[in-house]
Amino acid sequence: MASYAVADRRWIERGVERTSTLRFALWLVPWALLLALGVYAAGLCLRFGLNQTNMDNRFPFGLWIFLDLSIIALGAGAFFTGFLVYILKFKELKAVLNTAVVVGFICYSGAVGILMIDVGQPLRAWFTFWHPNTHSMLTEVTFCITCYLVVLLFEYIPVLLRNRQLRRVPSFLIFEHRLHLLVPVLAAVGTLLSFFHQGSLGGLYGVLRGRPFAFREGIAIWPSTFFLFILSAIAAGPSFLLLITSLVEKVTGRKLVEFSVLCRLGRISGLLTAVYVAAKAVDTLAWLNRTSPSLGFAPWEFYSYKPFGTWLMLAEIVLFGLVPAVLLLHPKTASRRGWLISAALLVCGGILLNRFILTVQTLALPTLAFDEFVSYLPSWQEVASFGAVVAYGVIVYSLSYRYLPLFPQEKREGYRVSGR
Amino acid sequence: MFPGVDGFHWTFGHVVFLGLFFAVALTIFTTVVRAVWRSVEDFRSRRATAICWDLEFAGMPEAERCCRHELAGRVAERTCPNSFDCRRCAEYEKFAALPASSPATSFGLDYPAGRLYHRGHTWVRPESDGTYTIGLDDLASHLVGKPDSVELPEPGAAIDANGTAWTLRKGRNEVRVRAPIDGTVVETGGADRGWYLRVRPEGEPNLRHLLQGPEVTAWLSKELERLQIQLGAPDAAPSLADGGILMDGLMDAMPQADWDNALASTFLE
Amino acid sequence: MKKRRYGMVIDLDRCTGCGACSVACAAENNVPPAAPRATERTGITPLRVQPVSNGASGPARREVFIPLMCMQCGEHTPCVSVCPQQAVEVDSATGIVTQMPQRCLGCRYCMTACPYHARYFNWWDPEWPAGMEKTLNPGVATRMRGVVEKCNLCHSRLHAAEDKAAAANQREVNPADYVPACVEACPTGAILFGDLADETSAVARAARAPQAFRLLEKLGTEPKVYYRSNRPWVRALAEPRTVPAKEVQRG
């Protein structure tokens with residue numbers, strides 16, 4: 001064995017098998033290139049301004065906001081699994097807790113990174129803390145996401161410090177141990193924060209009185225989208241975790257968790273998707289018959305601009321909602337890997353579609369009588385910047401998978417990985 | 001954000017929102033500070049070594065956490081629940097009273113009866129002046145052969161049982177040798193002098209966690225079996241099972257073997 | 001000082017679409033020349049004139065020009081509640097929706113919220129050709145790249161008028177002293193400006209006329225910019241589109 005491979009092996013957990021150093025390095029190369037391209041594109045945006053994007057005054061939110069909303073929703077698996085394990089004592093899900101934390105950390109840090117490029121004056125980000133407008137959903141989102149990213153960081157640190165070599169440093173090991181004992185507190189705080197910011201991200205659109213396509217009535221200061229976003233995020237989070245775990249199992253060719261854990265994730269996701277679909281249907285009916293007409297807008301008009309027809313609404317509720325909910329809840333389909341993964345894909349696809357509709361369709365639709373239906377295609381800089389987030393996620397996850405004990409159930413005979 | 005800053009209003013919503021934010025931020029902050037503080041406390045009260053050892057022990061493969069009484073044949077199957085620290089084992093006396101069975105041979109290795117052995121392959125010998133001499137046992141010496149370098153603690157330094165006593169370097173491998181007992185280093189030796197440390201414990205030490213008598217050969221047998229599997233080299237290993245003699249400087253002789261794993265198991269990483 | 005509600009009534013039957021208001025607005029407020037790559041949708045036009053036709057062709061075709069700017073919404077002001085850092089406020093004394101570009105983060109949430117598309121993001125660094133900086137209005141701060149701006153009813157002119165009133169020991173601003181640039185520039189006098197809270201003012205009376213209307217009134221945002229027209233099809237433009245897209249076309 002070459003000396004670098006020996007040195008590399010020493011950082012890998014005892015008792016687990018990982019691909020060779022060379023193959024791992026080759027796997028990282030394309031992602032590193034994508035990351036480099038994206039960082040360059042993001043640099044262009046920071047240096048020359050947002051004229052590098054194809055957003056404009058009529059389309060002030062674009063690809064970045066849509067994907068930010070999506071990855072934050074998909075990253076909800078992190079807080080929700082923590083909530084299920086530590087607060088509701090679903091011990092079985094401990095098998096995916098570490099991977100949930102890593103995925104959550106990647107999603108949130110990636111989203112915050114993109115937001116920092118997306119705003120016109122990133123150096124003024126602290127203004128939100130200094131002069132907060134507490135009526136703004138975006139203020140709540142900013143506060144909660146910042147706090148939650150710190151929480152995720154301190155949930156990720158114990159996983160990181162459990163690395164075989166880092167663990168050898170006594171102070172790291174002790175800190176990991178002490179922090180780990182307090183993680184339930186962080187999980188509880190994370191749950192509170194996540195409920196609020198997932199909701200507020202929905203509120204972001206629900207409060208837009210000037211955009212009757214998105215505007216919703218609700219309870220007290222929270223429009224219905226506040227609750228729908230929470231529901232859809234906790235429905236999609238477990239599905240996304242299921243997909244990631246299955247994908248990693250597929251890519252690495254190793255069994256990482258018991259199939260029953262995936263089934264459990266699927267069942268939770270299915271149940272919540274069913275509740276979400278019901279709530280979404282009621283909300284849509286209320287909006288069609290009450291909210292939109294009361295603002296002077298005939299709701300069917302919104303669907304008269306092709307290709308954004310009513311099929312989109314139906315697809316969102318039936319194909320990406322009802323269908324996967326049934327698949328995940330029916331005992332026959334829920335116990336087959338293929339169906340489970342397809343259903344999870346549909347649930348996650350539904351989240352993407354929902355966030356897409358709320359971001360893109362809302363902005364594309366005319367409000368004034370003489371407005372046009374506007375279109376927007378992201379520039380290469382926008383796409384590449386987002387590609388960088390994906391590459392960053394893959395790289396961080398790959399490194400974490402290789403060097404950290406992410407899956408306590410991954411074992412070779414007689415060995416038990418020290419992930420807890 | 002704060003009263004006096006432009007934009008701060010003494011309204012209900014504003015106060016509730018900021019109050020919640022500060023409560024959350026404070027909770028996160030206190031949690032982290034508490035973790036740091038407790039870690040510092042662990043080091044101050046010298047609990048850190050024991051906690052580290054407990055954590056690492058919990059991460060060891062189950063097969064390597066076998067109770068000494070199982071090795072000695074006193075009990076059929078038992079995984080140690082006390083991180084090999086028999087001093088805190090409530091059932092020690094119960095098992096120790098049972099008759100032991102063990103191989104009569106020590107496999108051609110030199111394990112003098114006057115010494116006590118730690119599961120991390122060190123030995124302890126009480127001296128007449130109240131100090132204890134600590135050395136690397138014969139199996140470990142055979143594996144490592146002549147280490148490339150040794151890093152010993154300074155005289156006067158304190159070592160804790162199951163903490164790192166000294167480190168050896170051999171090729172690309174670094175081995176942390178675990179201390180068998182607590183104490184203050186009085187004198188340091190080295191590989192060529194046959195012993196590494198002389199320590200003076202505080203008061204009369206409890207040494208019941210160290211192996212002695214028939215347990216030693218039983219343990220050795222199990223260790224050799226493990227090594228044979230781990231090193232997995234068809235040319236060298238069978239000799240061990242056949243009662244052959246472990247060759248000196250095995251690491252030099254078998255550079256291609258999985259020493260990373262073998263050394264970790266041997267020295268209880 | 002009594003509470004004022006500055007607003008305007010724009011007579012669409014008088015507007016010729018000359019664009020003088022737009023130019024006056026840009027000159028008054030130090031709007032930089034458009035960047036070379038700027039488009040209709042990335043330029044800065046706090047006041048733009050929108051041509052709209054009735055969709056007919058031939059002799060039946062009719063056109064109207066609609067000057068569009070910030071509608072100074074008085075209720076549920078969409079942009080105010082969304083701004084995360086209080087860079088947008090409704091001034092309680094004047095009813096003017098103020099924008100503080102120096103506090104703006106550039107998140108563009110307010111632009112998403114505005115149904116009138118009256119907010120503009122500075123996509124480029126503001127640049128003036130050499131020598132043109134001499135034409136800058138010293139009373140108005142320029143805006144940097146990455147922040148949002150909009151019509152604030154020539155706020156600097158209001159400040160000047162208030163200063164003048166204070167210097168003369170008068171409690172109230174003399175209406176003749178505070179006239180936004182667009183109102184001043186309009187050659188046909190199509191824009192009537194004043195205090196809507198003053199029931200007797202010309203603008204308040206014009207706003208109460210049956211021919212007066214506001215855009216998207218049902219949203220409940222209570223805009224303070226009114227339009228008036230004697231032509232029913234023009235007044236119908238106040239409502240959101242309820243007819244197939246092809247029937248109303250931009251001119």
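Modeller: I begin with chains A and C, where 55 residues of chain A and 55 residues of chain C take part in the contact; contact means heavy atoms within 4.5 Å. This is a predicted model, in which local features need pLDDT of at least 70 and side-chain atom pairs count only at pLDDT 80 or more, while totals for chains, interfaces and linings use all residues. Residues are numbered from 1 along each chain as its sequence is written, chains are lettered from A and ligands numbered from 1 in the order in which they are written, and side-chain values use heavy atoms, with hydrogens and water left out.

The size of an interface is often given as the accessible area lost when the parts come together. For chain A and chain C the buried area is about 4,800 Å², and carbon and sulfur atoms give 55% of that. Buried area here is the accessible area (1.4 Å probe) that two parts lose on being put together, summed over both.

Across the interface of chain A and chain C there are 2 salt bridges, a salt bridge being a side-chain nitrogen of Lys or Arg within 4 Å of a carboxyl oxygen of Asp or Glu. The side chains of A:Asp118 and C:Arg108 meet in a salt bridge, with N to O at 2.5 Å. The rule for polar contacts finds 36 residue pairs between chain A and chain C, both residues at pLDDT 80 or more. A polar contact is a pair of N or O atoms within 3.5 Å; within protein, one must be able to donate a hydrogen and the other to accept it, and residues adjacent in sequence count only if both atoms are side-chain atoms.

On the side of chain A that touches chain C, at least two residues come from each of α2 (21-48), α6 (127-130), α7 (137-161) and α8 (170-206). Helices (H or I, at least four residues) and strands (E, at least two) are DSSP runs, numbered from the N terminus. By residue class, that side of chain A divides into 27 nonpolar, 18 polar and 10 charged. Ala, Val, Leu, Ile, Met, Phe, Trp, Tyr, Cys and Pro count as nonpolar, Asp, Glu, Lys and Arg as charged, and the others, Gly among them, as polar.

The second pairing is that of chain B with chain A, in which 44 residues of chain B are in contact with 41 residues of chain A. Between them, chain B and chain A bury about 3,900 Å², and 65% of that lies on carbon and sulfur atoms. Within chain B, the most area is lost to chain A by B:Phe17, B:Ile28 and B:Arg172, which together make up 16% of what that side buries.

Chain B and chain A share 5 salt bridges. In one salt bridge, the side chains of B:Glu174 and A:Arg168 meet at 3.0 Å, N to O. Residue pairs in polar contact between chain B and chain A number 12, with both residues at pLDDT 80 or more. The side of chain B that touches chain A draws at least two residues from each of α1 (12-44), α2 (48-59), β7 (173-178) and α9 (259-266). The largest share comes from α1(B), with 16 residues. This side of chain B holds 20 nonpolar, 10 polar and 14 charged residues.

Chain B is divided into domain 1 (1-45) and domain 2 (106-266), with bounds that come from an automatic or database domain assignment. The centres of the two domains of chain B, taken over C-alpha atoms, are 50 Å apart.

Finally, confidence must be considered. Chain B averages a pLDDT of 87, and 95% of its residues score at least 70; pLDDT is the predictor's confidence in each residue, from 0 to 100. Within chain B, confidence is highest in α1(B), at 94, and lowest in helix α7 (residues 238-241), at a mean of 50. Chain C averages a pLDDT of 92, with 96% of the residues at 70 or above. Over residues 245-251 of chain C, however, pLDDT stays under 50, and the model has 21 contacts beyond four places in sequence for them. Where pLDDT is low, the predicted coordinates should not be read in detail.
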